[in-house]
Every structure is written in C-alpha cells, then in structure tokens.
Amino acid sequence: METNVSNFNPSILGIFCHWCSYAGADQAGTSRMQRAANLRIIRVMCGGRITPEFIITALKDGIDGILISHCHPGDCHYVSGNLKTIRRIPLFLSYLKQFGINPKRIKYIFVSASEGAKLTNIVNKFVEELKILGPSPIKNQNPNFIEKSLQNKVKII
Ligand code: FES
C-alpha cells in the first residue's frame with residue numbers, strides 16, 4: 001500500500017537513449033532550464049537496449065520512479081531499435097501491476113534532441129506525481145522475492 005508522506009523527495013532514475021533523449025537533457029542543461037534535481041540519468045546507445053531488467057534492478061535498489069525515454073518512433077538512429085522497446089514496455093507494465101507495483105512509477109516517453117523544454121516539464125510533473133504516490137512500496141521488501149517474481153515474468157517478454 002502506498003502512503004502519502006509529506007516532504008518526501010522521490011528518487012528518479014532516467015534511462016535515456018544517447019542520440020535523442022540524452023541529447024535533449026543536455027540541450028535543457030545548456031539552455032539553463034530549471035528542473036527538479038531528483039533525476040539521475042543513465043545513458044544507453046539506443047532505446048532498444050532498455051530491457052525490463054533495468055527497471056527491476058532500479059526498483060529493487062529502492063528507486064521511487066523510473067523515466068524511460070528514447071527517440072520518437074521512426075527516428076531511431078539504428079532504424080528500429082526503439083520499436084522493440086515500444087512493444088516491450090507496455091507488456092512489462094501490465095506485469096508490474098500484478099505484483100502490486102503501481103505502473104505510474106514508470107513513465108515512458110519519447111524526447112528528441114531538441115525537446116529539452118518538454119523533458120524539463122515532464123520531469124517536474126513526474127516529481128509531483130511521485131510525491132502523491134509516496135515512497136516505493138518495495139523499498140524495504142525482501143529483494144529476492146521481488147527478483148524471483150518479476151524475473152519469471154521477464155523471461156517471456
Ligand atoms: Fe534512440 Fe534507437 S537511437 S531509440
């Protein structure tokens with residue numbers, strides 16, 4: 001059960017593709033756009049590299065929210081890498097629900113290299129949404145249970 005905690009400051013892990021979304025975050029930074037400091041970004045070369053294992057690991061490690069972002073459909077620098085993720089993530093989110101993890105903790109977006117302002121708005125909004133959801137309910141649970149339960153589902157995605 002998720003609780004609303006005042007002055008809760010959510011941690012957000014961003015998993016961004018190098019060519020579009022990471023460049024978009026960079027563009028926001030060089031344009032001095034102000035966004036909440038809750039986001040830490042890891043970069044992958046293509047959105048197609050983003051697998052459910054990344055999300056599970058982040059959740060197990062106590063991250064409150066995960067922001068997945070890559071090139072818009074049709075803009076992938078490796079032609080169709082992001083199309084795999086576009087199919088994979090919605091299915092994975094439906095599994096999360098079965099394990100009592102609110103899929104709203106995972107935000108899935110497309111951000112291009114010129115959409116720094118869009119990214120900034122999304123991050124700021126996501127922080128507010130996570131504040132309402134409260135801390136991750138699996139933060140203090142047995143990580144082995146979570147891993148076994150989710151890994152079994154991940155194998156078939
Ligand atoms: Fe960005 Fe493939 S290079 S999604």
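Let's start at one pair of residues: Ser 69 stands opposite Ile 109 in β4. Another such pair is Ile 68, which sits across from Tyr 108 of β4. Keep in mind that the model you're looking at is predicted.

Strand β3 covers residues 65–70 and strand β4 covers residues 106–110, and the two run parallel, joined by five bridges. How does the chain cross from β3 to β4? It passes through helix α3 (residues 81–98), and this β-α-β crossover is right-handed.

Now for the whole sheet. Strands of a sheet can pair in a parallel or antiparallel way, through backbone hydrogen bonds. Here the pairing is parallel, and the four strands line up as β2-β1-β3-β4 in an open sheet. Which strands sit at the edges? Those are β2 (39–44) and β4, each with pairing on one side only. Going from one strand to the next, the twist averages 20°.

Helix α4, spanning residues 116–133, packs on this sheet and touches β1 (12–17), β2, β3 and β4. Compare its direction with that of β3 and you get an angle of about 155°.

Of the 157 residues, 35% are buried. As for contacts with a separation of 6 or more, 84% of them link residues 24 or more positions apart.

Terms used
Residues numbered from 1 in each chain as written. Predicted model: local features only at pLDDT ≥ 70, side-chain atom pairs only at ≥ 80, totals over all residues. Pairing = 2+ DSSP bridges. Right-handed = clockwise from strand over helix to strand, strands pointing away. Axes fitted to C-alpha atoms, helices over the stretch in contact; angles between N-to-C directions. Contact = placed C-beta atoms within 7 Å. Buried ≥ 20, exposed ≤ 12 C-beta atoms within 10 Å, placed from the backbone.
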